[in-house]
Amino acid sequence: MHDVFSDIRSILKVDGISIDNNIFRLHYKATVFVLIAASLLLTQTQYFGDPIDCIVEGVDQDVVDTYCWIHATYTHPSLTSGEVGVDVAHSGVGPSVSAEGQKHEVKQHKYYQWVTFFVVLQAIFFYVPRCLWKMAEGGKMKMLVTDLDSPIVDEEAKTQRKNLLVSFITLNFHRNNFYAVKYFVCEVLNFVNVVGQIYFTNRFLGYEFTTYGTDVVKFNQQELGSRHDPMDMIFPKVAKCDFHKFGSSGSKENHDALCVLPLNILSEKIFIFLWFWYILVAVLTGLALVYRIVILVAPPVRKIMLRVRSSLTPSSTVDALSAKCQIGDWFLLYQLAKNMDPIIYREFLEELNHKMKKPNAL
């Protein structure tokens with residue numbers, strides 16, 4: 001199993017320069033890793049067997065397997081309450097016509113052909129805000145902190161870089177709002193995307209995903225008895241398939257196949273995990289947006305946050321700079337604090353504050 005994930009471990013690699021935060025990384029690193037890992041698992045037939053195996057007489061089994069995988073299988077929702085092995089062959093699997101001569105409702109299952117592609121597409125969508133922010137950021141932070149992110153640096157080079165950074169910040173003071181706005185927009189896109197993925201997953205699974213996790217919890221808390229797992233109607237492990245062909249005399253032959261879907265066992269577990277994961281990510285991202293709104297409307301909070309990030313810098317220096325900062329200036333200083341060596345950052349803020357005190361500094 002190790003070889004399955006060896007090629008995607010680099011997704012979780014920590015970047016040398018941070019241009020976002022942990023909630024942002026929860027989307028394009030952790031979630032993307034989970035989704036791509038899920039798609040890889042779904043392709044590992046050596047571990048989980050063939051995606052479908054059908055039992056049928058009078059027809060080549062490989063042909064029926066391929067046919068039923070391409071077209072669809074089906075179950076009868078009305079046959080989920082009977083006792084397996086007595087009333088029904090399996091949950092949702094039984095005669096298509098009742099003893100009273102009425103046809104049972106048919107529920108088609110076609111989505112399983114697309115599960116692998118669907119989760120890969122979701123991974124792409126979770127990476128889109130990161131891609132947009134990287135293009136908008138354009139390597140600005142990496143350029144600004146060059147030679148200033150390590151305590152072991154040549155003194156002359158450090159002084160030169162630090163002076164250049166002070167000059168750059170001074171010249172561009174009050175011109176960084178658009179830089180911050182672009183990042184905030186990408187944070188909103190993260191929230192919109194995770195909510196959107198919950199909706200599209202719900203639609204993909206026949207509008208049953210939103211209650212998926214709660215149904216599983218309720219089912220596990222009850223005594224099983226003769227009850228059937230409600231997830232069998234979403235991810236049936238056994239289903240039926242009708243195969244039609246013409247015989248040697250030209251007469252039509254109908255073959256009713258019983259199909260085992262071992263891959264659905266894995267799909268069920270994946271989507272159970274994704275239900276809880278998406279809820280967690282959506283809640284954390286929503287809280288992060290609330291935090292961002294507070295940051296936008298409350299300058300005192302920005303001052304406190306910069307104090308916390310600049311722990312080695314005297315509070316008077318941080319407060320003096322915060323009083324002059326617009327939201328974009330604050331955001332840039334906050335990002336620099338995450339990437340620069342703390343001691344060098346303290347010297348930088350002190351020199352910047354000193355320069356700001358001069359007449360016509362802005």
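This is a predicted model: local features need pLDDT of at least 70, side-chain atom pairs count only at pLDDT 80 or more; totals for chains, interfaces and linings use all residues.

User: Why are helix 10 and helix 13 called oblique to each other?

Analyst: The axes of helix 10 and helix 13, the latter covering residues 327–339, cross at roughly 120°. Angles of 65 to 115 degrees count as roughly perpendicular and those over 145 as roughly antiparallel, while the rest, apart from angles under 35 degrees, are oblique. Helix 10 and helix 13 are therefore oblique to each other.

User: Which residues make the contact between these two helices?

Analyst: Helix 10 contributes Tyr-291, Arg-292, Ile-295 and Leu-296, and helix 13 contributes Ile-327, Trp-330 and Tyr-334. By class, the residues of this contact are 6 nonpolar, no polar and 1 charged. Arg counts as charged, and Arg-292 belongs to the helix 10 side of the contact.

User: What makes a space in this structure a cavity?

Analyst: A cavity is a set of points where a 1.4 Å probe fits but cannot get out. The structure holds 1 cavity of 30 Å³ or more. About 50 Å³ of space lies in the largest cavity.

User: Which residues line the largest cavity?

Analyst: The lining consists of Asn-21, Ile-23, Phe-24, Glu-187, Asn-190, Thr-285, Ala-288 and Leu-289. Two or more lining residues come from each of helix 2 (22–41), helix 8 (177–204) and helix 10 (263–297). Helix 10 gives the largest share, 3 residues.

User: How do the residues of that lining divide into nonpolar, polar and charged?

Analyst: The division is 4 nonpolar, 3 polar and 1 charged. Glu counts as charged, and Glu-187 is among the lining residues.

User: Why is Asp-147 called partly exposed?

Analyst: Asp-147 has a relative accessible area of 36%. Buried means under 20% and exposed means over 50%, with partly exposed in between. The value for Asp-147 therefore places this residue among the partly exposed. Asp-147 is found in the loop between helix 6 (140–144) and helix 7 (155–171). Its phi is near 70°, a positive value in a residue other than glycine.

User: Is His-174 buried, exposed or partly exposed, and where is it placed?

Analyst: The relative accessibility of His-174 is 34%. With the limits at 20% and 50%, His-174 counts as partly exposed. His-174 is placed in the loop between helix 7 and helix 8. Phi of His-174 is near 70°, again a positive value in a residue other than glycine.

Technical notes
Residues are numbered from 1 along each chain as its sequence is written. Side-chain values use heavy atoms; hydrogens and water are left out. On a 1 Å grid over the protein atoms alone, a cavity is a set of points where a 1.4 Å probe fits but cannot get out, and a pocket is an open set with protein on both sides within 12 Å along at least five of seven lines; lining residues have an atom within 4 Å of a point. Grid points are joined across faces, edges and corners, and a volume is the space filled by probe spheres set on the points. Helices (H or I, at least four residues) and strands (E, at least two) are DSSP runs, numbered from the N terminus. Axes are lines fitted to C-alpha atoms, for helices over the stretch in contact, and angles run from 0 to 180 degrees between N-to-C directions. Contact means heavy atoms within 4.5 Å. Buried means under 20% relative accessible area, exposed over 50%, partly exposed in between (1.4 Å probe, protein chains only).
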